[in-house]
Amino acid sequence: MSVQSTTRRKTAPDIRARKGGEPIVMLTSYHAHTAAMVDRHCDVILVGDSLGNVMHGFETTVPVTLDMMILQGSAVMRGSRQALVAVDMPFGSYEAGKEQAFHSAARIMKETQCGAVKLEGGVRMAETVRFLTERGIPVMGHIGLTPQSINTLGSFKAQGREADSWAPIENDARAIAEAGAFSMVIEAVAEPLARKITQDVAIPTISIGASAACDGQVLVLEDMLGLSPKVPKFVRRYGNLGPAIEEAVAAYAADVRSRAFPAAEHVYDMKTKT
Ligand code: KIV
């Protein structure tokens, strides 16, 4: 007997259809427990390769592997019910060619059962985006600042501040949209350029540091909750959980040191959180 879920999960075409409409709400999550909390409020949950920085303490996203993305993508799928889950393709899993990209993306889709993948790059990735979408893999693009290229970029800088630097970024946006992506993240791009791209392309643009001129926004959950040690300046903080966690841990440590920890009255009776 198969078990059918009554909640319909959002799909890539649902997100594509939101162009110019109600802004798209997107956050990252890497775990079942945070996915369950953000699911009700988000249209898209991104299992970002920022998990390399946030969960694993790497300086960049370059060391992140396909297996890491698949493990955390599966956890997010188990924790969520209604949001579209998009999983990042990590550095080295797609750039060598479209067949390599298909093999990696198919593993992500089959092993996590997520609804889409995201990959970085514009014109240079357009052929790959077309190859994947024509073969049943919904692709979210990612242009502007592309963190996986840190070693050739040298540093993370805002893009498109001078109008004479706009053309390559506009070409990237057009190429990804025309190749069949259902949406694209625009990272760290000046507002006038983000607005122009958003007007030019037929698919939703999702800002991270690219302004409200876009069709939606994505933030790293830990950044907006006050849990990350370093946060880009444009990120608005909606919580300050770092100090709250430290305070709770200190209270716990004090209890243990004073032997204030009870035995279970019945074997693992559970209480729900208040
Ligand atoms: O890896 C990530 O979390 C991302 C977003 C910040 C866009 O790519």
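Tutor: What follows takes those topics in turn. This is a predicted model, in which local features need pLDDT of at least 70 and side-chain atom pairs count only at pLDDT 80 or more, while totals for chains, interfaces and linings use all residues. Residues are numbered from 1 along each chain as its sequence is written, and side-chain values use heavy atoms, with hydrogens and water left out.

Student: Cysteines, then. How many disulfides are there in the whole structure?

Tutor: A search of the whole structure gives 0, where a disulfide is a pair of cysteine sulfur atoms within 2.5 Å.

Student: Is Cys42 buried or exposed? And Cys114?

Tutor: Cys42 is buried at a relative accessible area of 3%, and Cys114 counts as buried at 6%. Buried means under 20% relative accessible area, exposed over 50%, and partly exposed in between, with a 1.4 Å probe and protein chains only.

Student: On to pockets. What volume does the largest pocket have?

Tutor: About 1,100 Å³. A pocket is an open set of points on a 1 Å grid over the protein atoms alone, where a 1.4 Å probe fits, with protein on both sides within 12 Å along at least five of seven lines; lining residues have an atom within 4 Å of a point. Points are joined across faces, edges and corners, and the volume is the space filled by probe spheres set on them.

Student: Which residues lie nearest the centre of the largest pocket?

Tutor: Asn53, Phe156, Asp223, Lys230 and Pro232, out of 38 lining residues. The elements giving two or more residues to that lining are α3 (51-54), β6 (183-187) and α10 (221-224). Helices (H or I, at least four residues) and strands (E, at least two) are DSSP runs, numbered from the N terminus.

Student: How do the residues of that lining divide?

Tutor: Into 18 nonpolar, 10 polar and 10 charged. Ala, Val, Leu, Ile, Met, Phe, Trp, Tyr, Cys and Pro count as nonpolar, Asp, Glu, Lys and Arg as charged, and the others, Gly among them, as polar.

Student: What about the second largest pocket?

Tutor: Its volume is about 320 Å³. It is lined by 19 residues, with Gly216, Gln217, Val218, Leu219 and Tyr238 closest to the centre. Strands β1 (24-28) and β8 (216-219) each give two or more residues to this lining, which by class has 14 nonpolar, 5 polar and no charged residues.

Student: Last topic. How many salt bridges?

Tutor: The count is 12, taking a salt bridge as a side-chain nitrogen of Lys or Arg within 4 Å of a carboxyl oxygen of Asp or Glu. One of them joins Arg8 and Asp14 at 3.0 Å, N to O; Arg8 is exposed at 56%, and Asp14 partly exposed at 25%.

Student: Which parts of the chain does the Lys98 and Glu127 pair link?

Tutor: That salt bridge, at 3.7 Å, links distant parts of the chain: Lys98 is in helix α5 (residues 98-112) and Glu127 in helix α6 (residues 126-134), 29 residues apart. Lys98 is partly exposed at 26%, whereas Glu127 is exposed at 55%.

Student: And where are Arg174 and Glu170?

Tutor: Both are in helix α8 (residues 166-178), 4 residues apart, so about one helical turn separates them. Arg174 is partly exposed at 33%, and Glu170 is buried at 11%. Elsewhere, salt bridges that share partners join Lys10, Arg18 and Asp43 into one network.
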